[in-house]
Amino acid sequence: PGQTLRFSIPGTEQKSIITNLNIYPNPSKGFLNLQVKTDNVFTEAQLSISTLLGQRILDRKIEIPLSQQIKLNTIKPGMYVLKIVTGKETVSRIIRVE
């Protein structure tokens, strides 16, 4: 859980903007701490939380680097996809809400 599978096609490698992503506690009981770190790069990104079927639960613009707590107490228990999209990359993690 919480691992990212990354692969690249030779000749298309780009430097990642997001250097570290911490999400805890996972599983969550009503709140989630989110820390997104970069190598001294400030950029806008899109944060979303969706069901495994793709229904968006949360969608907001963020500035990274970021350290924030997200309230999930209105979300039904289950598995969700947390996604952060910058102009050049997408990072996704599976989170569980109890």
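Select glutamate 98 first. In this predicted model, glutamate 98 is partly exposed, with a relative accessible area of 42%. Its position is in the segment after strand 7 (90-97).

Glutamate 98 and arginine 96 form a salt bridge, and their closest N and O atoms are 2.9 Å apart. Arginine 96 is partly exposed too, at a relative accessible area of 38%.

Next, select lysine 29. Look for it in the loop between strand 1 (18-24) and strand 2 (31-38). Lysine 29 also makes a salt bridge with glutamate 98; here the closest N and O atoms are 3.3 Å apart. The two residues sit 69 residues apart in sequence, so this pair ties together separate parts of the chain. Is lysine 29 buried or exposed? Lysine 29 is exposed: its relative accessible area is 67%, and the cut-off for exposed is over 50%.

Show Lys29, Arg96 and Glu98 together. What links them? A network of salt bridges. Glutamate 98 takes part in both contacts, one with lysine 29 and one with arginine 96.

Move on to arginine 56 and aspartate 59. Their side chains meet in a salt bridge, 3.0 Å from N to O. Aspartate 59 is partly exposed, with 42% relative accessibility.

How many salt bridges does the count give? The count comes to 3. To review them, display lysine 29 with glutamate 98, arginine 96 with glutamate 98, and arginine 56 with aspartate 59.

Conventions. Residues are numbered from 1 along each chain as its sequence is written. This is a predicted model: local features need pLDDT of at least 70, side-chain atom pairs count only at pLDDT 80 or more; totals for chains, interfaces and linings use all residues. Side-chain values use heavy atoms; hydrogens and water are left out. A salt bridge is a side-chain nitrogen of Lys or Arg within 4 Å of a carboxyl oxygen of Asp or Glu. Helices (H or I, at least four residues) and strands (E, at least two) are DSSP runs, numbered from the N terminus. Buried means under 20% relative accessible area, exposed over 50%, partly exposed in between (1.4 Å probe, protein chains only).
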